[in-house]
Amino acid sequence: MRPDDFFVEQHVSSDPLFGVSTASRTLDLDLLTELRRGPIADHDDVEVAVGLARLVHDELEKYGTEGGQELTEHQIRESLLTLHALVRRAGIGTFDLPFRDYGTFKSYWKRIGCTNSYRARRDVLNDLLCPLHDQLTELEARSLSSTLAQAISPHPVTGWASVDKELAELRRHFQIAKSEQDYRNIGNDCVTITEALSRHVYDPQVHLRPDEDEPPVTQTKNRIDRYIEDALAGPQNADLRRLAKSATEFAQRVKHNRTSTRRDAGIAADAVILLAHILRRLEEPA
């Protein structure tokens, strides 16, 4: 989130007779209250803390130097309370500002001898807040880099429209997943992808034996195993067939496990993503 995302627009009628109104913005105190209670939908605590830390830093610097800060005393106090709550939930235990609003910030800079120097006040804020910015940036980068696997395949997508659509949804859902129910739903997404793969790669004209009935799409293990068996015949490829079977089985387990964790969901998703690209690679020349 950006600092601007913490504001809401208000339209004030300046001339009721002619219907003229002007727009202004104010800090969204309801959002700050909600953030102190817990994470919000579509944004994790680290992402929110990055934007709020920047807003707080900018406002304190304006107050301590040229003036013209946008937030009121009450609003900066609410912002700092929320920032501390977010930082604690993010696991950063070293952040603790020695003031709680503009007034106590002014008392602080007087106490440490910064009364006559704007530069000194900027330096004080940088010393207190830049380490937090660095920690939040590192946490955000780590979160983004540890989401889900990227295939080594030369193809950024499989080229199978139905499969690629489900893979994109899987990545989006995993990014915002926060609860056990969300993680079970990741398992459901994985199962949906294996069924899309089963539907795409299995061709009864090619893979169905004379004495067999065509297995339904939901029998993903049987259909994908047969596809691999025909694409890579021989006992030397049994390991690859076991890999496909394990990926589909683990996805089913995460889907039905009431206590699925983010790690479980991530492993299942990684396995299914890689399975999709492995099957796509089997269509390439040897």
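User: Which residues of helix H4 (residues 102-111) are buried?

Analyst: In this predicted model, the buried residues of H4 are Tyr102, Thr104, Phe105, Tyr108 and Trp109.

User: What puts these residues on the same side of H4?

Analyst: Around the axis of H4 they cover an arc of only 165 degrees, and they therefore lie on the same side of the helix.

User: What makes Asp101 a cap of H4?

Analyst: One of the side-chain oxygens of Asp101 is 3.3 Å from the backbone nitrogen of Gly103. A polar contact requires such atoms to be within 3.5 Å, and Asp101 caps the N-terminal end of H4. After H4 comes Gly113, which has a positive phi, near 85 degrees.

User: How does the reach of helix H2 (residues 45-64) stand against what is expected at 1.5 Å a residue?

Analyst: Helix H2 has 20 residues, and 28 Å separate its first C-alpha from its last. The expected value is 28 Å, and the reach of H2 is close to it.

User: Why is His84 called buried?

Analyst: The relative accessibility of His84 is 14%. Buried means under 20%, so His84 counts as buried. This residue belongs to helix H3 (residues 73-89).

User: What lies around His84, not counting residues up to four places away in sequence?

Analyst: With those residues left aside, His84 touches Phe95, Asp96 and Leu97. There is also a polar atom of the His84 side chain 2.9 Å from the backbone oxygen of Leu80, where a polar contact must fall within 3.5 Å.

User: Why is Ala231 called partly exposed?

Analyst: Ala231 has a relative accessible area of 37%. Ala231 is part of helix H9 (residues 220-231). Computed along the sequence, Ala231 and Leu279 are 48 residues apart, while 9.5 Å separates them in space, C-alpha to C-alpha.

User: What makes Cys114 and Cys190 buried or exposed?

Analyst: Both are set against the limit of under 20% for buried residues. Cys114 has a relative accessible area of 5% and is therefore buried. For Cys190 the relative accessibility is 0%, so Cys190 counts as buried.

User: How many disulfides are counted?

Analyst: A disulfide requires a pair of cysteine sulfur atoms within 2.5 Å, and the count by this rule is zero.

Technical notes:
Residues numbered from 1 in each chain as written. Predicted model: local features only at pLDDT ≥ 70, side-chain atom pairs only at ≥ 80, totals over all residues. Heavy atoms only, no water. Helix = DSSP H or I, 4+ residues; strand = E, 2+ residues; numbered from the N terminus. Buried < 20%, exposed > 50% of the residue type's maximum accessible area, 1.4 Å probe, protein only. Polar contact = N/O pair within 3.5 Å; in protein donor to acceptor, adjacent residues only side chain to side chain. Contact = heavy atoms within 4.5 Å. Expected span 1.5 Å × (residues − 1). Arc of directions from axis to C-beta.
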